[in-house]
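Some notes on the aromatic contacts follow. Please read them with the coordinates open.

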Amino acid sequence: MRSNSELKVKRETRGRIKIVLISILIFVLAIVGFGFFYWTTHKNKIVKTELEKAIVKNNNGFYKISYDDMKIDETAGYLSVRNMKVRFDSARYQSSQLENKVPSMVFNIDIPEINVVGVRTTRALLDKEIVGRKLEIKNPIIDLQYTYKGKDAIRNVPTQEIYRQILGDMDMIQIDSVLITGAQIRTSNRNSGKLIIDVKNIDFSLMDLRIDSAAYMDSTRFLFAKGVNANVDKIAWPSPNRLYDYIAKNISLNSTAGTLSVNQILIRPRLGENAFVNAIPTQDDRFNFSFSNVVFSGIDVQKLSDEYLKAEAMTISRSVFKVYRDLARPRDKKNRVGYYPHQVLDDVPLVFNIKKVNVRNSFVEYKERNHITRQSGLVQFYNVNATMTNFTNDKHASIKVMKAFISSNFLNKTPLRSNWTFYLFHPQGRFEVSGTMGAIDGKDLNALAEPMGPASIKEGNFNGLTFDLRGNDYSMNGTVKLLYDNLKVALLEKDKGATETDKKFLTSLLANFVIKNSNPKGDDEVRVKQVYLTRNTNRSLFYLCWKTIFQGIRETVGIKQPVEVASK
């Protein structure tokens, strides 16, 4: 069961997500506003000096601004800035540590070029308002460093009065379009220096941007704008254990259409299979996942401001899941109660509620290397299609039952269908699963039976499998029905010091003598097994399901005692 400390870490992780482009707007719009305001009110003074003082005052001295050149044409309403740099003051940061007033995040910004056109300077002078046609920010580089300290260390989004921070002494900023091109964002842990996330080539546009108290309350706006379009070339970040790279490519957001698309999502291991196994102290799955053409539709963009992803649908056009495990490594002793898939949704650092998820044309492979035979068996599912409803981790959602229907071709030989029901936030992790598998020649199962059994099916036809099971954190029960005929097996054993397994005539003969070769047998009734299994809490939900189904198969066939090495 997860501890309170683990849940605290989860909440803190969720709080680390920031709307990072707001950081650019705070400073750039402040420069635009202060630049024109101080030009129109302090023409006889040095604008650069007054502007730098204003910026320092507005952020309590934490940041200093510099730039190579600023040009202002009052008549044309034009402003340009070259090579602007915003740097946090390391001396001020050190003093804040002594005062116990460390901010949750500090940042440095480099912007080679800023252009503003169509500014009405008279309104800046008389009404303390900046109104313009276009703001361009070219190739900014933003370095965000999280301190994980301060009173807002676990805040998700800027404070309610964020517009006041941007406005300063002004009453309103309104710009027809804001264009940010070629942006790069890098976030890191200031304490350890480790990279958190790296974002490359961001193009970001805001249409009809208006910053004032009325715009803040306008429910039709997102990030103060009537329309937001964003395109990101690549986002990459390492896993905490540095064994994986997480990568998302070609991301597009259209707030007007309410769509978010990602061309490709990768969970890519840094090491090959053998190197991965040697790099970890105990058994673990090595994942290699890819998702293509992921599209969210019907997004409530207003809730995105509160880091709540609410959408009508999510579609994944194609995905590949590959998992590898070597049973020769010792198992850990971790208690996995509370770690079922529907229980760990709450660990996702974003609240989400998606009515329907569609997964299409996918492939799933589980590869397991046996600790005795040292051969690898493959369990493969082709043409996997899945539909999920009420995919959410929102504890306040009106419906707290998530359902999934999954269809596939098992070993590319026979159809396999399953229906899953997950009771979200149930104190004992309640779930149900039922399914059917079609007919398959027994010899087709040898690709996994021989290395993983170890056994070889010499004859036999499996005519169908049906199961109906109910589970929770500690057990599973239900019914299993396996139809088959003319089953004959050869048990494989590996002599000490041998490099290959071979057939053992006597044990195979005894096995075929003991097992029930058909179901139904002759005119007898079909044998349906009632099964119950106490969960090994060190194991996963899918292991519990498989072991429960296998118990029903074993009892149907007539093998009374399973052979299992508990440590593996």
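1. Phe-431 is buried, at 0% relative accessibility. Buried means under 20% relative accessible area, exposed over 50%, and partly exposed in between (1.4 Å probe, protein chains only). This is a predicted model: local features need pLDDT of at least 70, side-chain atom pairs count only at pLDDT 80 or more, and totals for chains, interfaces and linings use all residues. Residues are numbered from 1 along each chain as its sequence is written, and side-chain values use heavy atoms, with hydrogens and water left out.

2. The whole structure holds 15 aromatic pairs. Rings of Phe, Tyr and Trp (its six-membered ring) pair if their centres lie within 6.5 Å; planes under 30 degrees apart count as stacked, over 60 as edge-to-face, the rest as tilted. One of the pairs is Tyr-340 with Phe-431: edge-to-face, 5.4 Å centre to centre, 80 degrees between the planes. Tyr-340 is also buried, at 1% relative accessible area.

3. Phe-363 and Tyr-382 are edge-to-face too, because their planes stand at 65 degrees, with centres 5.0 Å apart. Phe-363 is in strand β14 and Tyr-382 in strand β15 (residues 376–392), 19 residues apart. Strands (E, at least two residues) are DSSP runs, numbered from the N terminus. Phe-363 is buried at 13%; Tyr-382 is partly exposed at 27%.

4. Ring pairs also build a cluster: Tyr-244, Phe-276, Phe-287, Phe-289, Phe-291 and Phe-321.

5. Check the charges over rings (NZ of Lys or CZ of Arg within 6 Å of the ring centre and within 35 degrees of the ring normal). Lys-303 lies over the face of Tyr-308, 5.3 Å from the ring centre. Arg-539 sits over Tyr-543 at 4.0 Å.

Terms used: Helix = DSSP H or I, 4+ residues; strand = E, 2+ residues; numbered from the N terminus.
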